[in-house]
Amino acid sequence: MNPRADPVRLLSAVISMKSFVITKNDSGQRADKFLLKAVPDMPKSYMYRQIRKKNIKLNGGRCDIGKRLKENDVIELYINDCFFENSEREQDFLSAPAKLDIIYEDENIILTDKKPGLPVHSPDGEHTSDTLINRIKRYLYDKGEYSPENENSFAPALCNRIDRNTGGIVIAAKNAEALRLMNEKIKNREIEKRYLCVTVGVPPKKQALLTAYIEKDSKTNTVKVTNTKTPRNKTAVTEYKILRENGKNALLEVTLHTGRTHQIRAHMAHIGYPLLGDGKYGSNKINREFNSEQPLKIKAQALYSYKLKFAFKVSGGALEKLNGREFTVPEVWFSGVFDGG
């Protein structure tokens, strides 16, 4: 039981001491950020109060919440023991399959080819052990490269996400330094991604740079695309190039110049060419008709993040050997639309 919701238990708890020795994966974090990860049941207000009362110490002295932790620092907590009961890392990843389609792996990262239908994390309001991140944890655990017992605040993490029903390359970091560096490169747009998709109908222009404005509706998990800027929407820039077409459908390579929710699906639908298989922004009637006429059955939107290139503008540090390298998914499931299945 979470002690936050049990004040009687909190009052009756005894004071215990627990210490954490800061590892390489913990270092560089602010002390308060580390504590909230290492003892997730401890409320933030309670943590700050105990720091002020000097019941949380750093290297035997005062713990400054903004202090950046260094390897081998020691944090001691003299707090109610009920907060430690659930601080052990969840190990539900052990029930996830270890099956991964690995495109590339080194000591810092893994590039996986996520298949449509597999969520990257447990969806909101649901709990499932079979997620991409749990498969990665299981894989690394079996290899002896990840052990929750040896970590205070770090677990392997995804650097980018893809919708459950979209497939493609997902980057996972094996250590905290790789996670920090990769997130920085993604934020600075130093990683180029290309997508493949199939449209219903063939756009008249073989190549185009599209600009529109997207507003997200969190209640329906959809977006609205317009040609007019408002205070609530955000600019979306989508570039496409037709690679192949058969009169009814077109295979597009798409480059995102912005990263908005459902951008490719919604933007292509906005100009009149929704993605094949997309029931949210396209037509289920057309999708059913396609499936009744073709041996290739479309069960999800025909969209794949199929190519990734590392294009660092400044040194990548521990990731520098990736600079300039390009990785491509070997096979995209909906290619049969154009090659006869």
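These notebook entries record what I looked up in the predicted model shown above.

**Entry 1. Conventions**

I treated the structure as a predicted model, in which local features need pLDDT of at least 70, side-chain atom pairs count only at pLDDT 80 or more, and totals for chains, interfaces and linings use all residues. Residues are numbered from 1 along each chain as its sequence is written, and side-chain values use heavy atoms, with hydrogens and water left out.

I looked up helix α6, which spans residues 263-270. Helices (H or I, at least four residues) and strands (E, at least two) are DSSP runs, numbered from the N terminus. Six of the eight residues of α6 are buried; buried means under 20% relative accessible area, exposed over 50%, and partly exposed in between (1.4 Å probe, protein chains only). I noted the buried residues as Gln-263, Ile-264, Arg-265, Ala-266, His-267 and Met-268. They pack against strands including β9 (191-200), β10 (207-217) and β14 (303-310), where contact means heavy atoms within 4.5 Å.

His-262 lies in the loop between β13 and α6, and its phi is near 55°, a positive value in a residue other than glycine. His-262 counts as buried because its relative accessibility is 9%. Just after α6, Gly-272 takes a positive phi of about 100°.

**Entry 2. Asn-72**

I found another positive phi, of about 80°, at Asn-72, which is not a glycine. Asn-72 is in the loop between β3 (61-62) and β4. Is Asn-72 buried or exposed? Asn-72 is exposed, since its relative accessible area is 58%.

**Entry 3. A nonpolar patch**

I recorded a nonpolar surface patch of about 290 Å², made by Ile-15, Met-17 and Tyr-78. Patches are made of residues with over 30% relative accessible area and no salt bridge; like charges are joined within 9 Å, and nonpolar side chains (Val, Leu, Ile, Met, Phe, Trp, Tyr) within 5 Å. Accessible areas come from the Shrake-Rupley method with a 1.4 Å probe, and for residues only the protein chains shown count as cover. Tyr-78 belongs to strand β4 (residues 74-80) and counts as partly exposed, at 31% relative accessibility.

**Entry 4. Aromatic pairs**

I searched the whole structure for aromatic pairs and found eight. Rings of Phe, Tyr and Trp (its six-membered ring) pair if their centres lie within 6.5 Å; planes under 30 degrees apart count as stacked, over 60 as edge-to-face and the rest as tilted.

How is the pair of Phe-93 and Tyr-141 arranged, and what are its values? The ring centres of Phe-93 and Tyr-141 are 5.6 Å apart and the planes are at 70°, so the pair is edge-to-face. This pair links distant parts of the chain, 48 residues apart: Phe-93 is in the loop between β4 and β5 (102-105), and Tyr-141 is in helix α4 (residues 132-143). Phe-93 is buried, at 0% relative accessibility, whereas Tyr-141 is partly exposed, at 32%.

Tyr-104 and Phe-327 form a tilted pair, 5.0 Å centre to centre with 45° between the planes. Tyr-104 in strand β5 and Phe-327 in strand β15 (residues 326-328) are 223 residues apart, and both are buried. I noted that Tyr-104, Phe-310, Phe-312 and Phe-327 form one aromatic cluster.

**Entry 5. Lys-185**

The charged end of Lys-185 sits over the ring of Phe-312, 4.8 Å from its centre. The criterion is NZ of Lys or CZ of Arg within 6 Å of the ring centre and within 35 degrees of the ring normal. Lys-185 also forms a salt bridge with Glu-190, the closest N and O atoms being 3.2 Å apart; a salt bridge is a side-chain nitrogen of Lys or Arg within 4 Å of a carboxyl oxygen of Asp or Glu. Glu-190 is buried, at 3% relative accessible area, and Lys-185 is buried at 0%.

**Entry 6. Further salt bridges**

My search of the whole structure gave 18 salt bridges. One of them joins Glu-105 and Lys-143, with the closest N and O atoms 2.7 Å apart. Glu-105 lies in strand β5 and Lys-143 in helix α4, so the pair ties together parts that are 38 residues apart in sequence. Glu-105 is partly exposed at 25% relative accessibility, and Lys-143 is partly exposed at 38%. Glu-105, Lys-143, Glu-145 and Lys-174 are linked in a network of salt bridges.

Within helix α4, Arg-138 and Asp-142 are four residues apart and therefore separated by about one helical turn. Their side chains meet in a salt bridge (3.0 Å, N to O).
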